[in-house]
Amino acid sequence: MNVTIDNNDEFDQAQRKAAGLAEIIQAERDSNSVLQAGPKRPTAWQRILFTVVLVAAALAPYFLPEGRLPASPPEFPAGVQAFEQIIHALPANAAVLVAVEYQPAYSGELERLAQPVLLDLMRRQARLVMVSTLTTGPLQAQNLIIAASQADGYPYQSPYEVLNLGYIPGERSGLKKLAAAGGQTDPESGYTLSGAAGLAPPMLPSASDFDLLWVISDNPDLARDWIEQVGPSLDGVPLVMSLSAQAGPLVRPYAGSQVQAMVVGLQEGAALEGWLGFMQPNDQTLASYNLATSTAVIMILILVFLNVLIRRRSSPGQGLD
Amino acid sequence: MYSLVLLVVLATTLAVGLAYGPTGRPAAWIFSAIVMPAEISLLAGLAVTLGVLAAGLLARGWNWFRAVLLITALFTLLGAAGALSDILPGFSKLQYWVSAVLGVGAGRGLLLGVALGALAAGLKAIAGIDRPYGR
């Protein structure tokens, strides 16, 4: 008898679960039908118009006479000032650990942020050690060094002045090991800038043996990994960051405490560039970025207006919800 | 066909990396000539798609949440462009406040919510309360 009751209970329970699932599936169908009923998938002409106008705006500064579209002179925020003070306080031949933690897609923004700092460090004869927890990081680091060497007219001689130690496996645990003991990257993984294996590079010391830790990142999680895993072991070594505009807001709460200084986005990068003396008087890249971003805002507003108008005309009885 | 191309490219890239090293010249060429432009192009396409979708947001129907989302996005874009800093004094400070206070608060709330959800799910799994369907 008891067995029958249990079976009935299980049967009821299964029925309730089935009914719940059916409701969820029905809700999904309903929401799909609502989405399909509306006019609201962007039409092809909007995409084409948006693309053409955006590309034209981005290219305009390169074709107009210099100074016609001046880049607005960036302000000099407190974080940038702190960054500049830390760089200038470094001793001669300082050892700097550089974490190259950004994806190739963001290299346009972050290389622009990193170049002036790298040039300044090179002119101070800093010894640079490049590492990354991304598989593409070693190549990004190599590109950075080559570009800075060409701009400075002084090729850094690996491995005495710059050491690209490559990929740190293990993500957070790899960083934790790096912070604790050092030497966790395989010395054989060090390559010279020419790509051929150079002299056997020294074992990587722990993070606290450097004079500065500089993290370049587009990813707030990776930046946080460096702060949380390596930061506590730094023992007074300053930690500074160059971050993309999208990563900045999520890392900014650490500024001033765990992170001594940070530069976020192209505007602050341009401010630091000017302060370090590398800013061009008519910066076409910055003018292009400013114009394209402002144009995107205007285009979105125009298309919002047009879309609302089209909706009202197509269904005059409904208007806006 | 696509799978075959993918496998051939995978094998070629692996062979180049093994033969010349991960930062050797051939690997650097593959990276600079193929990987980087492809990723940048995808990101540029995403920017256009997001811009057009943002423009269609209010056409789907007006409500406060959508309006606030759109206004905040446009406000942040203008701040990133530095367009209004010269015209409106204090705009950059306001933009910084939105980013550093509202944005960070929302981001932390999301992270806390995710962490608490994961913790609750883990505890339910350990305690055997949350059994998978079919058992």
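Biologist: How many salt bridges does a search of the whole structure find over all chains?

Modeller: In this predicted model, the search over all chains finds five salt bridges.

Biologist: Why is the pair A:Glu273 and A:Arg112 called a salt bridge?

Modeller: The closest N and O atoms of A:Glu273 and A:Arg112 are 2.9 Å apart, and the cut-off between a side-chain nitrogen of Arg and a carboxyl oxygen of Glu is 4 Å, so the pair qualifies. A:Glu273 belongs to helix 9 (residues 265–276) of chain A and A:Arg112 to helix 4 (residues 107–123) of chain A, so that the bridge links parts of the chain 161 residues apart.

Biologist: What makes A:Glu273 and A:Arg112 count as buried or exposed?

Modeller: Buried means under 20% relative accessible area; A:Glu273 has 10% and therefore counts as buried, and A:Arg112, with 16%, counts as buried because it too falls under that limit.

Biologist: How do you know that A:Asp225 and A:Arg172 meet in a salt bridge?

Modeller: Their side chains come to 2.8 Å, N to O, which is within the 4 Å that the term requires, and therefore the name applies. This pair also links distant parts of the chain, with A:Asp225 in helix 7 (residues 220–230) and A:Arg172 in helix 6 (residues 171–180) of chain A, 53 residues apart.

Biologist: What makes the pair A:Arg252 and A:Glu268 a salt bridge, and which parts does the pair tie together?

Modeller: The distance from N to O is 3.7 Å, which is within 4 Å, so this pair qualifies as well. A:Arg252 lies in the loop between helix 8 (248–251) and strand 6 (261–264) of chain A, and A:Glu268 lies in helix 9 of chain A, so the pair ties together parts 16 residues apart in sequence. Both A:Arg252 and A:Glu268 are buried.

Biologist: How many salt bridges are there between chain B and chain A, and what does the contact consist of?

Modeller: Between chain B and chain A the count is zero salt bridges, although the contact takes 47 residues from chain B and 46 residues from chain A. The area buried between the two chains is about 4,000 Å², with carbon and sulfur atoms giving 67% of that area.

Technical notes
Residues are numbered from 1 along each chain as its sequence is written. Chains are lettered from A and ligands numbered from 1 in the order in which they are written. This is a predicted model: local features need pLDDT of at least 70, side-chain atom pairs count only at pLDDT 80 or more; totals for chains, interfaces and linings use all residues. Side-chain values use heavy atoms; hydrogens and water are left out. Contact means heavy atoms within 4.5 Å. Buried area is the accessible area (1.4 Å probe) that two parts lose on being put together, summed over both. Helices (H or I, at least four residues) and strands (E, at least two) are DSSP runs, numbered from the N terminus. Buried means under 20% relative accessible area, exposed over 50%, partly exposed in between (1.4 Å probe, protein chains only).
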